[in-house]
Amino acid sequence: MSRMSKSYERFTRLLEHFQDQGCFAQASFAVFDRQGVRARGDCGGAGLEAVFDLASLTKVFVTTALLRLTAQGRLDLNALVLPLLDVPEESVRLRRTLAQATAASLLTHTAGLPAWYPLYAGTGSFWERLEQAIGFEGEGGRPPMVYSDLGYMLAGRLLERLSGLSLPDAVEEYVRRPLGIPVLAYLPPGADRRQLLGGRPLVVSCYGNTIEREMCRERGISFDGFRPEGQPVEGRANDGNAWYYFGGISGHAGLFSNAAGVAELGRFYLNTQEAPFLRALEEGPWGRGLGFEFGPRYPQGCGHTGFTGTSLFLSRERGVGGVLLTNRLTSPGREAKNVDPCRIAFHEAILAADEEGWL
């Protein structure tokens, strides 16, 4: 039996175990090193080419595009971000919040912004809604690091401002095309999915927005535009702000790809020697790199997760990594399952297979 076959069986059995435990309905994976993808597989009938809603994995792609501008000398990560954005003068709370924020602080979630707010549950421009979000959540009083979707909405806006391109075109120009990623796309309403995805199958990511309904209810916020509960969501961003407010295109969520596509991003970070990208992989305070996070999920490395059940792991030290794409919001009972035990076991299995010479 070849090394590839051994690796395939090892990882597939592991994922089938967690599928049997009800963690997700379907999954697809890719294990890679600096030279290429070493093992691919799926379970639950997803198929090797299956395209998933990447959710917050979008953030590492947007980070990568901004770092490309840094490598080109068009963005100083230590520069104050306010002069780089078109924040209106009347956005007083937002301007106070961002007064000392740098481009790097947006990418490390240390800009002082709230974690989340349903921009879609109200009216007004992006800046007016951010102003309302800060007013609702309160200014100041937050920990030094708060994982913030709002911060990456601004990162997407920054990318558009500096590049002069729309967010989809910037991701195409600075990430998908140069890295040779076969499929990576935003899917706004009316998008030609077949053309953008090359005919690859889409995986159902959820059945409505049960969790966001509850998040709004807890805050006393009403919104009557949610998808019907029980409706399968396929090829439309699960994230409420990405879909309802931004029409599927945002810096914090909205991208779709498959395991092999995300693996190409991971391989790029294993191989790059360019300073801005190497800086992204340095662990800073509170376990954050630029776009990446560190911690127990990522033994001997770093990575990122997505709310729908997606994740990217890479260990530059060991020269290996892995992509695990699941649809945890479609598990039996349609409850949001914690897939961290599966992620950790998958990452540890990658390191073990490397140690044993199976990759």
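Thr 12 is buried, with a relative accessible area of 7%, where buried means under 20% relative accessible area, exposed means over 50% and partly exposed lies in between, with a 1.4 Å probe and protein chains only. This is a predicted model, in which local features need pLDDT of at least 70 and side-chain atom pairs count only at pLDDT 80 or more, while totals for chains, interfaces and linings use all residues. Residues are numbered from 1 along each chain as its sequence is written, and side-chain values use heavy atoms, with hydrogens and water left out.

Thr 12 lies in helix 1 (residues 3-20); helices (H or I, at least four residues) and strands (E, at least two) are DSSP runs, numbered from the N terminus. Leaving aside residues up to four places away in sequence, Thr 12 touches Phe 29 and Asp 42, and contact means heavy atoms within 4.5 Å.

Another buried residue is Gly 235, with a relative accessible area of 2%, and Gly 235 lies in the loop between strand 6 (232-233) and helix 10 (240-245). The two residues can be set side by side.

| Residue | Relative accessible area | Residues touched, beyond four places away in sequence |
|---|---|---|
| Thr 12 | 7% | Phe 29, Asp 42 |
| Gly 235 | 2% | Leu 187, Arg 193, Leu 202, Phe 256 |

Helix 2 (residues 58-71) and helix 7 (residues 167-179) pack at an angle of about 70 degrees, with their axes 9 Å apart. Axes are lines fitted to C-alpha atoms, for helices over the stretch in contact, and angles run from 0 to 180 degrees between N-to-C directions. The two helices are therefore roughly perpendicular to each other, a term for angles of 65 to 115 degrees. Helix 2 contributes Phe 61, Thr 64, Ala 65, Arg 68 and Leu 69 to the contact, and helix 7 contributes Ala 170, Tyr 174 and Val 175. Helix 2 is mostly covered, since 13 of its 14 residues are buried, and just after helix 2, Gly 73 takes a positive phi of about 80 degrees.

Phe 61 and Val 175 are also among the residues with the most contacts inside the largest nonpolar core, which has 78 residues. Such a core is a set of buried Ala, Val, Leu, Ile, Met, Phe, Trp, Tyr and Cys residues joined through side-chain atoms within 4.5 Å.

Terms used: Angles under 35 degrees count as roughly parallel, over 145 as roughly antiparallel, 65 to 115 as roughly perpendicular and the rest as oblique.
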